[in-house]
Amino acid sequence: MKRSHLHLTLAALLLSTASAGAGQFDGITLEAKLIGGEQYEKLYSRIAEWEKETGATVQIISKKNHFELDKEFKSDLAAGTTGWCVGSNHSSFASQYPALYTDLSALIPAETVAEFVPANIAAATLDGKLVMLPRAQFDVSALYYQKSLYEDADKAASFKEKHGYDLAPPETWDQFREQAMFFADPPNFYGTQYAGKDEAINGRFYELIVANGGKMLNDDFSPAFNSDAGKEALQWFVDLYKAGAVPPGTTNYLWDDLGNGFASGTIALNLDWPGWSGFFNDPSASKVAGNVGVAPAPKGSAGVRTGWSGFHGFSVTEACANKEAAASLVDFLTNEDSQKLESSAGPLPTRSAVWDWVIEQAKDDAYKNEVLQAFQETAKTAFPVPPTPYWIEAGNLIFPELQAAILGDKTVDQALADASEAVDEMMQDNGVY
């Protein structure tokens, strides 16, 4: 009986192993639409491992930044061409696609879901559906700066004479603006830069408003940004542009432009995501390697630290013909090994155990420890975008008006009044209030 029982146990084990791995999805091809860019690519090298383990094939049919993916997803929904299976998703975009993605809680074991940071899973759950599994790309911005600028005695003396306080990494947005203008020496060197279009500038504008004590949207999602806090926030962008403290093309910049810009050595101060930290300090990729300081994000006039945040993940389409295979790939790309791979370059994880691993890895590395401390401090006051499916649509109405003010085509007051009117009309047209 014992021998038979042992044979049965081994057989069950082998069956379980086979069902979870080798050859389980032989002959299946999954089409995927994934975000591309410097900080996202390393993880995709693991797809070949999953293919080898399962017998399936992954065909990446689109790889773009998420602003372009967003347009493509909406086009697919309108055309009914959503039969591809795996898509990159983001907490700021996910609420727009209630019919696109399936409920992963029916495909991913509950014990696996429990291994993620609960707040991330809560934000990935919309109307009771777990629409994505978070990858190791939790985003909140901290301040990167060139340390040598603050170690220059002549610069320090000149700055104090002009502004009346010691030159040190800025603690407030006002100090940030003053220092960026002080360091700027266009066209060869700029004090800072900012992403100037799409949700990138809209999100930064949003967090400055919060830092100044205001709101982007009211509780009923009517526009609230045409306020003193909003005018102060937009004026910050305008002042830097008018002073020549930012590159003239900044209104066309997105995240890769900022990352590559700071790494080029031509930018003094850069508010950016954790995923860039390894790249910035890599001598083979960055001219500022070894000269990078990292500090918590600045505070606004209300004494509130900036903290616009979100995270990336992977979803499975409702129309996917092979949901189990697709969910297996999503599970694989967000498992502990995958999150350790991504986190090793600087991005923040979304699995609890990997947070512990990241902290352990950083303890004997001065730069990694500085990065981690800066982002942990900033994460304490992190906040998501307003919980409305019209966040992106509202932003698409707001950012051209922000650009108009930055470029001097409209006053700050007029730009915000026009943006507020457009958002109010859009919300009402959609029956929001």
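## Salt bridges: overview

The count of salt bridges comes to 22, a salt bridge being a side-chain nitrogen of Lys or Arg within 4 Å of a carboxyl oxygen of Asp or Glu. This is a predicted model: local features need pLDDT of at least 70, side-chain atom pairs count only at pLDDT 80 or more, and totals for chains, interfaces and linings use all residues. Residues are numbered from 1 along each chain as its sequence is written, and side-chain values use heavy atoms, with hydrogens and water left out.

Helices (H or I, at least four residues) and strands (E, at least two) are DSSP runs, numbered from the N terminus. Buried means under 20% relative accessible area, exposed over 50%, and partly exposed in between (1.4 Å probe, protein chains only).

Glu72 pairs with Lys33 in a salt bridge, with the closest N and O atoms 2.8 Å apart. This pair links distant parts of the chain. Glu72 sits in helix H4 (residues 66-79) and Lys33 in strand E1, 39 residues apart. Both Glu72 and Lys33 are buried.

Glu115 and Arg351 meet through their side chains at 2.7 Å, N to O. They too link distant parts of the chain, 236 residues apart. Glu115 lies in the loop between helix H5 (110-113) and helix H6 (118-123). Arg351 lies in the loop between H15 and H16. Glu115 counts as partly exposed, at 38% relative accessibility. Arg351 is buried, with a relative accessible area of 3%.

Asp239 forms a salt bridge with Arg177; the closest N and O atoms are 3.0 Å apart. Asp239 belongs to helix H11 (residues 228-242) and Arg177 to helix H9 (residues 173-183), 62 residues apart. Asp239 is partly exposed at 23% relative accessibility, whereas Arg177 is buried at 16% relative accessible area. Salt bridges that share partners also join Lys33, Lys64, Glu72 and Asp76 into one network.

## The five-stranded sheet

Five strands form an open sheet in the order E2-E1-E3-E10-E6, with mixed pairing. Two strands pair if DSSP finds at least two bridges between them. Strand E2 (57-64) and strand E6 (133-140) stand at the edges. Each has a single partner strand, so one side of each is left without a neighbour in the sheet. Neighbouring strands are turned by 20° against each other on average, direction ignored. Axes are lines fitted to C-alpha atoms, for helices over the stretch in contact, and angles run from 0 to 180 degrees between N-to-C directions.

Strand E1 (residues 29-35) and strand E3 (residues 86-90) run parallel, joined by two bridges. Lys33 has Gly87 in E3 as its bridge partner. Lys33 is also the salt-bridge partner of Glu72. On the pairing of E3 with E10, the sense is antiparallel, over five bridges. There, Val86 stands opposite Val316 in E10.

## Strand E3 and its cover

Five of the five residues of E3 are buried, so this strand is largely enclosed by the rest of the structure. Both faces are covered. Val86, Ser88 and His90 are buried on one side, and Gly87 and Asn89 on the other.

Helix H14 (residues 323-333) lies across E1, E2, E3, E6 and strand E10 (309-316). H14 runs at about 145° to E10.

## The three-stranded sheet

An open sheet of three strands has the order E8-E7-E9, with antiparallel pairing. The edge strands are strand E8 (269-272) and strand E9 (292-295), each pairing on one side only. The twist averages 25° from one strand to the next.

Strand E7 (residues 142-146) pairs with E8 in the antiparallel sense over four bridges. Tyr145 stands opposite Leu269 in E8. Helix H17 (residues 366-379) lies across E7, E8 and E9. H17 runs at about 25° to E9.

## Helix H16

The buried residues of helix H16 (residues 352-362) are Val354, Trp355, Val358 and Ala362. They cover an arc of only 110° around the axis, which puts them on the same side of H16. The arc is that of the directions from the helix axis to the C-beta atoms.

These buried residues pack against helix H15 (336-343) and H17. Contact means heavy atoms within 4.5 Å. H17 is also the helix that lies across E7, E8 and E9.
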